[in-house]
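Please read these notes with the model open beside you. Take the points in order and find each residue as you go.

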Amino acid sequence: MVFWIIVTLLALSVAALLALALMRGRRDAAPAAAYDMQVYRDQLAGVDRDLARGVIAEEDAERIRTEISRRILAADAKLNEEGSNAAQSRGPTVIAAALAAVAVVGGGMALYTRLGAPGYGDLPLSLRIETAEDIRESRPAQATAEERMPATPDPQVDADYAALIEQLRLAVADRPGDLQGQRLLAQHEANLGNHKAAYEAQRRALDLLGDEAGASDYSQLAEQMVMAAGGYVSPEAEQALQEVLRRDPSDGPARYYWGAMLAQTGRPDLAFRIWEQTLRSSPPDAPWSQAIAAQIEDLAIRAGVDYEPPSAASTRGPSAADIEAAGEMNAEDRQAMIRGMVDGLSNRLATEGGPPEDWARLIGALGVLGERERAAAIHQEALTRFADNDAALARIGAAARSAGLIE
């Protein structure tokens with residue numbers, strides 16, 4: 001309420017100054033007839049001075065006085081007429097002043113209701129930080145977030161692969177102390193999109209590892225927890241991220257999710273700093289770099305930062321060298337690397353299209369990820385697009401054979 005009183009008084013003060021300027025300008029402007037009368041009076045005085053000095057004769061002086069007096073009478077009549085018109089024209093001036101007041105007061109309030117936040121209390125920096133801390137401390141737990149997630153359909157996978165996964169589950173259940181089994185189960189559950197089962201298996205693996213657990217072990221746990229909660233970083237996931245960053249402060253995925261957590265809890269300023277630093281220090285093709293690049297401009301607006309994004313990261317997709325290098329990585333790193341590039345390439349081909357080399361590259365990458373059905377769909381679409389191009393069909397066919405889609 002105090003805010004509105006102050007703003008209204010300021011607007012009325014500005015309107016009053018405008019009205020005063022309009023009224024004063026008209027009041028200070030003297031009519032032209034008044035200047036004429038002054039000139040004629042000076043001329044009469046000049047006639048008397050010339051007569052006293054003997055410059056003119058009495059008859060000439062009388063004739064000149066008569067003519068000047070006639071002009072004075074005419075100027076006086078004109079002055080009275082202008083005074084009457086000025087009184088009549090004061091009304092439009094008053095109306096103009098009133099319109100100016102309405103424009104200043106009403107226009108200012110209308111602009112504030114559009115650009116401001118009516119009814120929103122003042123939030124000094126200290127209060128905003130305190131509010132963000134309260135949000136962070138009271139946010140839902142992992143289990144609550146998972147309960148709010150909509151049901152997802154079971155993934156469509158190859159029957160042989162599904163049978164192998166079921167055997168793995170039974171074997172791990174019989175041997176809960178098998179570290180390698182828990183890690184394999186976590187990996188394959190993640191491949192199937194069973195993120196809760198994946199992080200539960202990874203958590204059991206961490207229990208078995210104890211003090212020997214590394215940053216990548218906790219990173220996998222945190223990522224699967226976030227995925228299970230639909231991108232929400234719960235307090236439990238935050239604890240896992242803390243373990244990652246304690247062991248490796250430069251871990252890209254952990255820094256990405258830590259920034260996401262800060263943004264979700266009302267600290268976009270801190271989130272922007274972490275993401276901006278991570279984006280500058282990470283390879284442009286890293287999956288977390290692409291995720292940050294897609295969101296950092298919006299985050300900068302929320303943080304009140306004038307941000308100039310770097311040149312866009314390449315979205316050409318994984319090359320043959322990329323896929324070969326991925327084969328030398330462990331399963332977790334390989335999947336993270338290829339999936340980030342695959343998603344970028346897939347989105348570009350869906351919206352902009354591309355040469356047959358890119359379609360072949362996407363089919364091969366999907367084969368590495370084990371997404372045979374998606375690779376088959378991309379293969380069929382590519383065959384339709386390049387039906388009249390034998391060279392393109394040969395390249396796409398080679399990629400399909402490499403992915404195991406055709407003999």
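1. Ground rules. This is a predicted model, in which local features need pLDDT of at least 70 and side-chain atom pairs count only at pLDDT 80 or more, while totals for chains, interfaces and linings use all residues. Residues are numbered from 1 along each chain as its sequence is written, and side-chain values use heavy atoms, with hydrogens and water left out.

2. Helices α11 and α13. Start with α11 (residues 252-264) and α13 (residues 287-303). Helices here are DSSP runs of H or I, at least four residues long, numbered from the N terminus. The two pack at an angle of about 25°, and their axes are 11 Å apart. Axes are lines fitted to C-alpha atoms over the stretch in contact, and angles run from 0 to 180 degrees between N-to-C directions. α11 and α13 are therefore roughly parallel to each other; that term covers angles under 35 degrees. The crossing of α11 past α13 is left-handed, meaning that the near helix is turned anticlockwise from the far one by less than a right angle.

3. What α11 and α13 touch with. From α11 come Gly-252, Pro-253, Tyr-256 and Ala-263. They meet Trp-288, Ala-291, Ile-292, Gln-295, Leu-299 and Arg-302 in α13. Contact means heavy atoms within 4.5 Å. By class, this contact has seven nonpolar, two polar and one charged residues. Nonpolar means Ala, Val, Leu, Ile, Met, Phe, Trp, Tyr, Cys and Pro; charged means Asp, Glu, Lys and Arg; the others, Gly among them, are polar.

4. Helices α6 and α7. Helix α6 (residues 159-174) packs against helix α7 (residues 179-192) at an angle of about 145°, with axes 10 Å apart. This crossing is left-handed too. In α6, the residues in contact are Tyr-161, Ile-165, Leu-168, Arg-169 and Val-172. Their partners in α7 include Leu-184, Leu-185 and His-188. The contact of α6 with α7 has seven nonpolar, four polar and two charged residues.

5. Salt bridges. How many salt bridges does a search of the whole structure find? The count is 19. Each is a side-chain nitrogen of Lys or Arg within 4 Å of a carboxyl oxygen of Asp or Glu. Side chains of opposite charge can pair when their charged atoms come close.

6. A pair between helices. Asp-48 bridges to Arg-65, with the closest N and O atoms 2.9 Å apart. Asp-48 sits in helix α2 (residues 32-52) and Arg-65 in helix α3 (residues 58-115), 17 residues apart. Asp-48 is partly exposed, at 40% relative accessibility. The cut-offs are under 20% relative accessible area for buried, over 50% for exposed, and in between for partly exposed (1.4 Å probe, protein chains only).

7. Arg-361 and Asp-358 form a salt bridge at 3.0 Å, N to O. Both lie in helix α16 (residues 356-369), three residues apart, or about one turn. Is Asp-358 buried or exposed? Asp-358 is buried, at 0%, whereas Arg-361 is partly exposed, at 23%.

8. Val-157. This residue is in the loop between α5 (142-147) and α6. Val-157 is partly exposed, with a relative accessible area of 34%. Beyond its neighbours within four places in sequence, Val-157 contacts Ala-162 and Leu-192. Val-157 and Glu-371 are 214 residues apart in sequence and 8.3 Å apart in space, C-alpha to C-alpha.

Methods:
Angles under 35 degrees count as roughly parallel, over 145 as roughly antiparallel, 65 to 115 as roughly perpendicular and the rest as oblique.
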